[in-house]
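Look at the sequence and the model below. The paragraphs that follow go through a metal site and then a pair of helices.

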Amino acid sequence: MTDNIYKKIALKLHNYSKILIFPHVNMDGDCLGSSAALCHVLRGFGKEAYVLADDVTPHNLDFLESGVVTRDYDVFDEYDLAVLVDCGSRSRIGERASVFDRARERAVIDHHGVMENDAEFNFGIIESSSAATAELVYLIASEMGAEFTLPIAECIFAAINTDTGSFQHSNTTARTHKIASEIYGIPGFDGNRIVQLIYNRKSLGAIQLEGRIVSEMEVCCGGKVVLSAVTQAHLAETGTLMNESDGIIQKLMSIDGVEIGCILKEIDDKTARVSLRAKSYANVARVAQKYGGGGHMRAAGLTFEGTIGEAKAEIAKALEAELVRSNDEK
Ligand code: AMP
Ligand code: MN
Ligand code: MN
């Protein structure tokens, strides 16, 4: 039965000519890869389609732009359809919300369980059991009868690979592997090339940054919670950008016995962005939601209004409480 929903969306998408696709702010591999893949699919059917981004693409994901990304808010005066990808609310697309509002109709393709209900959609899918939004894009594209070209294969594979932590996270399913295996069948596809592009192009500074953040980590709750902060001073000292710290949380999670990992990122002296991960039973989305953020049970994020010190003290307390609660629920 659930197959029908992909088909329904596929049939709908055939009805529009001018389409803008919106990945969420602080682009990651899934939102950019899914958006770009969808854009290639739509262009393959002769439609005018663009991915509208406004932040800088992280260096390791630059290849995903694949000629479909624009930052021009006026690329269309009027257009038929806006699609939110890998997010389900207006609040997740920042300044571009004004462009989203200009669309004749709106759709959503997402896999986040929590949303703010600040946008109305004509159609769409929010499937929280999907490991990555890219799985949904793949299934919809299949129902559309799309020709799976190499850029589509590369974007979908990169999106799935990044959102599953290279098929390690608990969101990974048989379907995830099935789609990945089908992608290996697309002519010219080279999985190792994509993995090298995503994971093995770090700057020297990024590795030095990682070393600092790991050595400064704080462990609490009997070794079950680990936190560390990335400050503007760290970035200046190592000559790095904040998005180069994105993979560090995985290092913290690899410690034996750790259930919750937290990286706090100092945006300025009044704002911190917080990334949360859980290994097997804690619900970090609950903590993120408490502070106006969101995400999945095992990977969530939030923006904290306050200094990095205040953020760390407050979030550490909230994580300790979450650990107790999730232990009780076990
Ligand atoms: P991150 O730690 O930034 O990689 O985010 C982990 C997950 O939480 C991703 O699925 C994000 O889309 C989601 N997320 C991060 N920050 C927010 C936020 N402020 N509001 C809602 N969802 C978020
Ligand atoms: Mn995402
Ligand atoms: Mn995602």
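Aspartate 30 is buried, with a relative accessible area of 0%, and histidine 111 is buried at 1%; buried means under 20% relative accessible area, with a 1.4 Å probe and protein chains only. This is a predicted model, in which local features need pLDDT of at least 70, side-chain atom pairs count only at pLDDT 80 or more, and totals for chains, interfaces and linings use all residues. Residues are numbered from 1 along each chain as its sequence is written, ligands are numbered from 1 in the order in which they are written, and side-chain values use heavy atoms, without hydrogens and water.

Asp30 (OD), Asp86 (OD), His111 (NE2) and Asp163 (OD) coordinate the manganese ion (ligand 3) at 2.1 to 2.3 Å. Donors here are N, O and S atoms within 2.8 Å of the metal (3.2 Å for Na, K and Ca), and the site may look incomplete because water is not among the atoms. Along the chain, the donors follow the spacing D-x55-D-x24-H-x51-D. Aspartate 30 lies in helix α2 (residues 29-44), whereas histidine 111, 81 residues apart from it, lies in the loop between β5 (103-110) and β6 (123-126). Helices (H or I, at least four residues) and strands (E, at least two) are DSSP runs, numbered from the N terminus.

α2 also packs with helix α5 (residues 150-163), at an angle of about 160°. Angles run from 0 to 180 degrees between N-to-C directions, and axes are lines fitted to C-alpha atoms, for helices over the stretch in contact. The two axes are 8 Å apart. α2 is therefore roughly antiparallel to α5, a term for angles over 145 degrees.

Conventions:
Buried < 20%, exposed > 50% of the residue type's maximum accessible area, 1.4 Å probe, protein only. Parallel < 35°, antiparallel > 145°, perpendicular 65-115°, else oblique.
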